[in-house]
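Please look over the structure below with these notes beside it. They begin with the ligand and then turn to a pair of helices.

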Amino acid sequence: MLSATAKAHRAEPDELKNRVILITGAGDGIGRAAALACASHGATVVLLGRTQSKLEVLYDEITAAGGPEPAICVLDLARSDGPGYFKLAEQIADTWGRLDGLLHNAGMLGQRAPIEHYDIGIWHQVMHLNLNVPFILTQVLMPVLRKSLDASVLFTSSGVGRQGRAYWGAYAASKFGVEGLTQTLADELQTEGTIRVNCLNPGSARTHMRAAAYPGEDPASRPEPATLMGPYLWLLGPASKGTTGKSLDCQ
Ligand code: NDP
């Protein structure tokens with residue numbers, strides 16, 4: 001029901017005006033599309049990624065289209081330690097004084113292998129980037145999220161985060177964790193009422209991750225990420241105020 005509302009949403013041109021939104025993994029795929037969509041509806045986006053050149057191209061694209069000037073944050077979330085996170089939180093506090101949206105989008109697929117043979121090192125990497133990093137980032141950014149009158153934290157799930165599937169190993173387990181983290185945090189913040197926490201499954205999208213997961217598939221058979229942005233705008237913008245603790249689908 002809520003997914004249908006989110007899918008049907010057509011954002012007004014200035015719907016996200018005056019909102020500051022941080023997007024992880026903004027340089028490519030779904031994160032890139034989300035950054036462009038949010039900026040085109042008036043948001044100031046903080047573009048976080050590990051490849052500076054991709055973020056610079058995106059910055060140019062947003063400004064050339066007349067969007068609010070974005071900020072670039074080059075951070076390898078797989079390697080970052082405490083100071084990297086705290087510096088980011090400090091920069092957001094010093095520049096805007098608040099954070100209105102946080103899209104946890106960066107992720108990795110890891111290995112496609114049976115649990116019995118799954119590489120333990122890769123398991124740790126996937127769990128760290130897909131689950132531990134969203135936890136750490138949310139915790140560190142909580143003070144600036146609390147400064148917003150209407151903050152939205154949005155985690156990224158997957159179909160295999162709700163129903164396990166053979167050979168999806170750490171990726172599936174990490175997305176189940178993301179669903180649990182969403183529910184737990186949403187419940188903790190429910191009474192405060194100013195920070196909503198939800199989780200979105202984009203479904204299959206034409207990205208590098210999808211191509212790596214399904215090498216035999218024709219990429220053209222999958223939708224472009226840009227076509228899936230309605231639910232992202234709904235959840236990150238003011239239209240979904242009051243919605244929290246939910247797990248939604250883009251498709
Ligand atoms: P892509 O692999 O296409 O893009 C991922 C982005 O995350 C890239 O910009 C990448 O940076 C960035 N990233 C990866 N590792 C790090 C890191 N250590 N530090 C900072 N940034 C990093 O993935 P998708 O766009 O396909 O996926 C986005 C999200 O959607 C993921 O959470 C995924 O699990 C989820 N999802 C995707 C589906 C799909 O069909 N595509 C289906 C269901 C869920 P760089 O550009 O430098 O590589």
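1. An oxygen atom of the ligand lies 2.8 Å from a backbone N or O atom of Ala205, a polar contact being a pair of N or O atoms within 3.5 Å. The protein buries 92% of the 900 Å² that the ligand exposes when taken alone (Shrake-Rupley method, 1.4 Å probe).

2. This is a predicted model, in which local features need pLDDT of at least 70 and side-chain atom pairs count only at pLDDT 80 or more, while totals for chains, interfaces and linings use all residues. Residues are numbered from 1 along each chain as its sequence is written, and side-chain values use heavy atoms, with hydrogens and water left out.

3. In α4, residues including Tyr85, Phe86 and Leu88 meet residues of α5, among them Val133, Ile136 and Leu137, where contact means heavy atoms within 4.5 Å. By class, this contact of α4 with α5 has twelve nonpolar, no polar and no charged residues, with Ala, Val, Leu, Ile, Met, Phe, Trp, Tyr, Cys and Pro counted as nonpolar.

Note on methods:
Helices (H or I, at least four residues) and strands (E, at least two) are DSSP runs, numbered from the N terminus. A polar contact is a pair of N or O atoms within 3.5 Å; within protein, one must be able to donate a hydrogen and the other to accept it, and residues adjacent in sequence count only if both atoms are side-chain atoms.
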